[in-house]
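Here are my comments on the model you sent. Please read them with the structure open.

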Amino acid sequence: MSRLLPALLLWLPVVFGLAAPPARADTLTEIRARGELIAGVKADYEPFGYRGPTGDIIGFDADVAADLAAVIGVPVRLVAVTSANRLQKLAAGEVDVVVATLGDTIDRRRLVRMIEPGYYGGGASVLLPGDSPIRDWASLRGVPLCAVQGALWNRLAAARLLADIRAFGNPRDAELALRDRACAGWLYDEAALQHRLASGDWPGYRLLPADFVAPWAIAVAGEGPLARLFDETVAGWLRDGHLLALETKWRLPPSAYLRDAGRLWSAKDKDGQWRCRREGEAPWPAECRDLNLIEAQDLRGIGAAILSLRDDLGIDLTPFYDPYSRDLFLGALATTALLALLVVAGSLIAGICGAAALRLPLIGPVFGGLLTVLRMTPPLLQLYLVFFGLGGLLAAQGFSLGALTAAVIVLSLYAGAANAVALGEAAASIAPGGDRRRRIAALAYPAVMGSCINIVKATAMASAIAVPELVHASTAIITDYGNGGVMMNILLGCYVVLVLVVVQGFNLFERKVLRR
């Protein structure tokens, strides 16, 4: 333990270093001087942003980003972003602008400068098997839904409909989970789901009518000439039909938002002037803005005090003032603690059984080979093979393999293989007689403890298959609030505590059992 704390403390400067953003070109002059506009666009969301036959990013959003660059007079460089990292990349200065199906919300406006008006609009839908009993949104209460981390709809569906959201890192994994019946439906953007249905790859599936309809906004880091230029540019596109032409080009269904927004921004007053126009640097007229997207949070007491830390010092302790984030994080902490407990216990049981099997005359070599495979195969790959591979086979037989169950099995066997080898080698070096079992345990103790500590830290991998543990919850909070540095340090603190609990448990076992 005395060696563990210094090693853990060495990571603190690294984490804080990651929280410090690099210098950012956030003015129009600097972008022109650089000679290119760096735009964050999705690469996994057809037809808005995806890889074409040559590997380049193409789509509706890619065209919008290129047209924004043309307005500035520079070429565009597209950078692939995801729902989970797009605002972080913007805040870190890795991109100048985000054009990535970003829903406009009050919370997100606290993080970045949303361009007004929105360049597109859409809502959420749920992709369901044709035989699903779910017929409306009200039926989603308590129902497990696949989703993609960072999507606006996840929070709304969980808070308003009490749906059980199981968010994956990308659309591909969400699709696989739905096909394997790991969830009842896939909650995602309506336009993307309509496109998938039209492709013919989902025969027998259907969609719920769209809900949570909201504008999509282009985002820049902050106020300034760049933001005002993009405001005027998008307003002009709504007036001249440019965005409608892009919609037709990419074979999107007619957007009610583009129709209504085009009518609003094309309206003129009796003097022949645009009704939606600016006077100098003033904002757009109130009647042309749609700020009532979601209700602002009602903060009282300690929540308001903690919020002042964010506003005054930039320390955004979201789980301490936002009820939804607090429930999400506390639930994730409980899940991680349970996962750690089950994995440590499972790895010890698997290690003991494996070590005993190694000594059997006929099947010992077979077990030795199996243990080698388990030890040498990366645990993340094992998670995917078990959850999507074995899970798909079970789904075909009418059974469902839960993500938590898959994680416990894989991580227990992975660490259990190392424990089995350690115990087997200890047993081979201990002569018969006396309290042999205790002596074997004492000899293998350092290796087994190290294996169990490592597997507790490796429980973070379970987020890849949507187990709602600490990394999964922290990613969701960072996506909404952009407080990556703060949440990573909170996450680090939680894992330090978990590891110390495991260490203390092993130390207690050593004192009470091995040193008798």
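1. Basis. This is a predicted model, in which local features need pLDDT of at least 70 and side-chain atom pairs count only at pLDDT 80 or more, while totals for chains, interfaces and linings use all residues. Residues are numbered from 1 along each chain as its sequence is written, and side-chain values use heavy atoms, with hydrogens and water left out.

2. Overall make-up. The protein has 21 helices and 14 strands; these are DSSP runs numbered from the N terminus, with helices being H or I of at least four residues and strands E of at least two. Of its 516 residues, 50% are buried (buried is under 20% relative accessible area, exposed over 50%, partly exposed in between, with a 1.4 Å probe and protein chains only). Accessible surface amounts to about 23,900 Å², and carbon and sulfur atoms account for 61% of that (Shrake-Rupley method, 1.4 Å probe; for residues, only the protein chains shown count as cover).

3. Contacts along the chain. Taking contacts between residues at least 6 apart in sequence, 71% join residues at least 24 apart. Contact here means heavy atoms within 4.5 Å.

4. Cores. The largest nonpolar core holds 101 residues, and Phe60, Val64 and Tyr119 touch the most other members. Another core, of 37 residues, lies apart from it and includes Ala332, Ile453, Leu470 and Val486. A nonpolar core is a set of buried Ala, Val, Leu, Ile, Met, Phe, Trp, Tyr and Cys residues joined through side-chain atoms within 4.5 Å.

5. Aromatic pairs. The whole structure contains 18 aromatic pairs. Rings of Phe, Tyr and Trp (its six-membered ring) pair if their centres lie within 6.5 Å; planes under 30 degrees apart count as stacked, over 60 as edge-to-face and the rest as tilted. One cluster linked by ring pairs consists of Tyr45, Phe48, Phe60, Tyr119, Tyr120, Trp186, Tyr188 and Trp216.

6. Phenylalanine 388. Why is the pair of phenylalanine 168 and phenylalanine 388 tilted? Their planes stand at 45°, with ring centres 6.3 Å apart, so the pair falls in the tilted class. Phenylalanine 168 belongs to strand 10 (residues 164–168) and phenylalanine 388 to helix 17 (residues 379–396), so the pair links parts of the chain 220 residues apart. Phenylalanine 387 also pairs with phenylalanine 388: centres 5.0 Å apart and planes at 75° make this pair edge-to-face. Relative accessibility is 5% for phenylalanine 387, which counts as buried, and 10% for phenylalanine 388, also buried. Phenylalanine 168 is buried too.

7. Charges over rings. The charged end of arginine 179 sits over the ring of tryptophan 202, 3.7 Å from its centre. Arginine 278 lies over the face of tryptophan 284, 4.5 Å from the ring centre. The criterion is NZ of Lys or CZ of Arg within 6 Å of the ring centre and within 35 degrees of the ring normal.

8. Strand 6 (residues 97–98) and strand 14 (residues 219–220) run antiparallel and are joined by two bridges; valine 98 has alanine 219 as its bridge partner. Strands pair if DSSP finds at least two bridges between them.

9. A second open sheet has the order 2-3-4 with antiparallel pairing. Strand 2 (44–45) and strand 4 (57–58) each have a single partner strand, so one side of each lacks a neighbour in the sheet. Two bridges pair strand 2 with strand 3 (residues 49–51), and aspartate 44 has tyrosine 50 in strand 3 as its bridge partner.
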